[in-house]
Amino acid sequence: MPAFLLDTLAATVPWPAQTLALIALAVLFSAILRGFTGFGFAIASAPLLTLFMTPAHAVPIIICLQLFAGLTEFKALSGVAHWPSVRRLITGALIGTPLGTAALYAVPPDPARICIALLAGFAVVMIASGLRFPRMPGRPATVGIGLTAGLANGLAAMPGPPVVAFYMALHFSPDMVRASLIVFFTMCSALALAGAALFDLIRWQDMVFSVVLMPLMWFGTWLGHELLKRSGGHWYRPVSIIVLALIALAAGWKGLSAYL
């Protein structure tokens, strides 16, 4: 790592070395989950990082990591994605993201942690239910799902739960689902970054910290994809359900402990 990045990091981050190591492990684990499942980074990293920092610190870092990683894949995947659904979802997310960002600015850390835990729990229920749509939902319903994802995007950089449940309920090929999710998440990250900048919730130190963490993001994504290929895809659903359930419990306990 370049010396100037180390000096900048040491001068700007408010965490001791042990906490920084745990943050790095959280990012690496979340990136592995992203590489394995195709959608897990924000869902995993938001509750994990909020174990060590406030959501207002965690969210800008997650946004930057999601955006930087997604941009490297965007061109290749945009030709595979299902653009009619992506456009409708983004329309809703355009409305919901600034509302969620305003809530992040106003909501105290512990209630925000509880919201994050509930979102992760929602993802577990939806993925485990095996819900299937008989046909593509109409425009209003799809925009509404995008609106819900936008609210989660602005509040916790977690647009995943409603959108993952939506795409997994459609009769699309795995390649189209994965491509559509990554394209949508990358666009949501750009929206969330703009919203965070508008509300003055992102600092230049967050950008530097994200750049420092990017090698872990890339390595973890690669490793997760390799594990997925070696497993033949048979374990991705149960692994996702178990991991997300544990994350929801951990973040929920930390949020509720303030009231117990």
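Arg34, Gln66, Gly70, Ile182, Phe185, Thr186 and Ser189 line the largest cavity in this structure. Helix H4 (55-78) and H9 each give two or more residues to that lining, and H9 has the largest share with four.

This is a predicted model, in which local features need pLDDT of at least 70, side-chain atom pairs count only at pLDDT 80 or more, and totals for chains, interfaces and linings use all residues. Residues are numbered from 1 along each chain as its sequence is written, and side-chain values use heavy atoms, with hydrogens and water left out.

Now for some terms. On a 1 Å grid over the protein atoms alone, a cavity is a set of points where a 1.4 Å probe fits but cannot get out; a pocket is an open set with protein on both sides within 12 Å along at least five of seven lines; and a lining residue has an atom within 4 Å of a point. Points are joined across faces, edges and corners, and the volume is the space filled by probe spheres set on them. Helices are DSSP runs (H or I, at least four residues), numbered from the N terminus.

How many cavities of 30 Å³ or more does a search of the whole structure find? It turns up one, and the largest cavity holds about 40 Å³ of space.

Then there's the largest pocket, with about 400 Å³ of space. It has 20 lining residues, and those closest to its centre are Thr37, Pro174, Val177, Arg178 and Tyr236. Helices H2 (17-37), H8 (160-168), H9 (174-198), H10 (204-231) and H11 (236-257) supply at least two lining residues each. H9 has the largest share here, with five residues.

Cys64 is buried (under 20% relative accessible area), at 0%. Cys188 also counts as buried, at 0% relative accessibility.

Notes: Buried < 20%, exposed > 50% of the residue type's maximum accessible area, 1.4 Å probe, protein only.
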